[in-house]
Amino acid sequence: NNSITAYAGTDQTVCENSAKLQTFDPSPGTGIWKRVNGLGAISDETNFETTAEISQGKNRFMWKVTQIGCSDSAYVIIKNDLPSVADAGNNESVCTNSTSLQANIPAIGEGKWQSIGGSGILENPSQHNSSVTNLDPNQNRFRWTITNKSCSLFDDVIITNNSVSAN
């Protein structure tokens with residue numbers, strides 16, 4: 001009996017643009033990884049432990065094992081839930097105690113503002129261009145976080161309030 005059984009590993013969800021493909025050493029046979037869905041290169045298609053670049057969403061790979069004229073294939077799905085890169089906009093100096101924040105609109109995921117230093121009241125924290133009022137004098141730091149399922153990326157912006165009040 002020359003039968004062989006392939007195993008491609010356990011399905012995974014990751015928060016990055018690469019993933020480890022890992023199965024068992026097919027010796028004395030040989031194995032090869034093939035991408036079925038998704039984009040990106042496989043580091044070493046013939047290595048049972050290798051790394052693959054993956055695109056956002058579902059990426060499907062096949063591990064085919066051949067030994068003494070027989071072969072078998074197995075599949076693994078690696079899901080990349082990485083959101084869009086967060087960009088909170090440029091640091092800004094203002095002469096009033098209010099301004100509008102200018103973050104990017106996420107293509108993948110949902111964005112949300114939060115105050116992480118100084119103060120300020122966010123008018124609509126889930127809007128990329130939310131107004132903020134009641135800024136403290138000097139520096140105020142705000143964080144724009146984009147979340148997609150269990151993955152998130154963030155970027156900070158500093159708004160410096162240089163307003164002067166006459167006594």
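In what follows, a residue is called buried under 20% relative accessible area, exposed over 50%, and partly exposed in between, with a 1.4 Å probe and protein chains only. The model is predicted, so that local features need pLDDT of at least 70 and side-chain atom pairs count only at pLDDT 80 or more, whereas totals for chains, interfaces and linings use all residues. Residues are numbered from 1 along each chain as its sequence is written, and side-chain values use heavy atoms, with hydrogens and water left out.

The protein chain contains zero helices and 13 strands; both are DSSP runs numbered from the N terminus, helices being H or I of at least four residues and strands E of at least two. The radius of gyration of the protein chain is 25 Å, well over the 15 Å that the globule rule gives for 167 residues, so the chain is more spread out than a compact globule. This radius is taken over C-alpha atoms, and the globule rule is 2.2 Å times the number of residues to the power 0.38. Along the principal axes, the C-alpha atoms fill a box of roughly 95 × 20 × 20 Å. Of the 167 residues, 34% count as buried. The chain exposes about 9500 Å², of which carbon and sulfur atoms supply 45%; accessible areas come from the Shrake-Rupley method with a 1.4 Å probe, and for residues only the protein chains shown count as cover.

Contacts (heavy atoms within 4.5 Å) also reach along the sequence. Among those between residues at least 6 apart in sequence, 57% join residues at least 24 apart.

Several strands of the chain pair with one another, pairing being assigned if DSSP finds at least two bridges between two strands. Strand S2 (residues 18-22) runs antiparallel to strand S4 (residues 49-53), and five bridges join the two. Within this pair, Gln22 stands opposite Glu49 of S4. In a regular strand the side chains alternate between the two faces of the sheet. In S2, Ala19 and Leu21 form the covered face, while Ser18, Lys20 and Gln22 form the uncovered one.

Leaving out residues up to four places away in sequence, Thr50 touches Ala19, Lys20 and Leu21, together with Trp33, Ile42, Ser43 and Asp44. By contrast, Thr50 and Ile159 are 109 residues apart in sequence and 45 Å apart in space, C-alpha to C-alpha.

Strand S3 (residues 30-37) pairs with strand S5 (residues 57-67) in the antiparallel sense over seven bridges. In this pairing, Trp63 of S5 is the bridge partner of Trp33. Strand S3 also contains Lys34, which is partly exposed because its relative accessible area is 36%. Not counting residues up to four places away in sequence, Lys34 touches Ile42, Glu45, Arg60, Phe61 and Met62. Lys34 and Arg60 are 26 residues apart in sequence, with a C-alpha to C-alpha distance of 8.8 Å.

Strand S5 pairs in turn with strand S6 (residues 70-80), again in the antiparallel sense, over 11 bridges. Here Gly57 stands opposite Asn80 of S6. The hairpin of S5 and S6 has two residues between the strands, and Ile68 in this hairpin takes a positive phi near 50°.

Further backbone features occur in loops. Most residues other than glycine have a negative phi, and most peptide bonds are trans. A cis peptide bond, with omega about 10°, joins Ser27 and Pro28; Pro28 lies in the loop between S2 and S3. Asn134 has a positive phi near 60° and is placed in the loop between strand S11 (131-133) and S12. With a relative accessible area of 41%, Asn134 is partly exposed.

Strand S12 (residues 138-148) includes Asn148, which counts as buried at 16% relative accessibility. Apart from neighbours within four places in sequence, Asn148 is in contact with Asp81, Leu82, Pro83, Ile108 and Gly109. Lys149, in the loop between S12 and strand S13 (151-161), has a positive phi of about 55° although it is not a glycine. At 56% relative accessibility, Lys149 counts as exposed.
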